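Please read this report alongside the model.

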Amino acid sequence: MVMTNNGHTTQTTTVTTQNHNTSHDHAPRVNFAKAAPKAFKALIGFDAAAREGLDPALVELIQIRASLLNGCAYCLHMHTSDARKAGEDEARLHMIGVWREARNFFTEKEQAALALTEAVTLVSRGGVPEDVYARAARHFDGPELARVLALVFTINTWNRIALSTGKIAGQDERAAH
């Protein structure tokens, strides 16, 4: 726990990574899209439904924060690139990982979404606290809140697919599907 300048405590998360061999002397991992096309297409549909009606900037913030928490370089690279292409401010991208200490970069609504993203992504560490959920519910109506949650679910799933199948950051494979 770390005490922030506003008197609140915040839990810091340390993501440890292993030194992965990036040479190609190991067996390639499964291509999830080709090996499980129905599951892959279902996830694409779920992701699209989650995004529907949400502010595209908010979508990228959520995806970037979850990818940071999960240590998914593939998705982090993809979503920071997408955010830049959509005109996101570079300073905000640098502050997503420390948004609580850089609140002035984010609206109250974005902060509520980032807090909810963290709680859902790290759900095994104590669930989704009532105050975090209530804060999000004050900023999003029922259908919008459900889509924010669905987006957090999908990015966590995409992170797990990328990490478990050995996706390499900088190689955006979306155009191939």
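Helices (H or I, at least four residues) and strands (E, at least two) are DSSP runs, numbered from the N terminus. Helix α4 is followed by Gly87, whose phi is positive, near 95 degrees. This is a predicted model: local features need pLDDT of at least 70, side-chain atom pairs count only at pLDDT 80 or more, and totals for chains, interfaces and linings use all residues. Residues are numbered from 1 along each chain as its sequence is written, and side-chain values use heavy atoms, with hydrogens and water left out.

**Helix α4**

Helix α4 covers residues 73–85, 13 residues in total. The expected span of a helix is 1.5 Å times one less than its number of residues. For α4 that gives 18 Å, and its end C-alpha atoms are 18 Å apart, so the two agree.

Which residues of α4 are buried? Buried means under 20% relative accessible area, exposed over 50%, and partly exposed in between (1.4 Å probe, protein chains only). Tyr74, Cys75, Met78, His79, Thr80, Ser81, Asp82 and Ala83 are buried in α4. Their cover includes α2 (37–51), α3, α5 (90–95) and α8.

**Ser67 and the cysteines**

Ser67 sits in helix α3 (residues 56–70). Contact means heavy atoms within 4.5 Å. Not counting residues up to four places away in sequence, Ser67 touches Cys72, Cys75, Leu76, His79, Ile155 and Asn159.

How many disulfides does the structure hold? It holds zero, a disulfide being a pair of cysteine sulfur atoms within 2.5 Å. Cys72 is in no disulfide; its nearest cysteine sulfur belongs to Cys75, 3.5 Å away. Cys75 is likewise in no disulfide, with the sulfur of Cys72 nearest at 3.5 Å.

| Residue | Relative accessible area | State |
|---|---|---|
| Ser67 | 1% | buried |
| Cys72 | 1% | buried |
| Cys75 | 3% | buried |

**Nonpolar cores**

A nonpolar core is a set of buried Ala, Val, Leu, Ile, Met, Phe, Trp, Tyr and Cys residues joined through side-chain atoms within 4.5 Å. The largest has 27 residues; Ile62, Ile96, Leu116 and Phe140 touch the most other members. At least two residues of this core come from each of α3, α6 (108–121), α7 (130–139) and α8 (142–164). Phe140 touches Leu58, Lys109, Ala113, Leu145 and Val148, not counting residues up to four places away in sequence. A second, separate core has 12 residues, including Ala66, Tyr74, Ile155 and Trp158.
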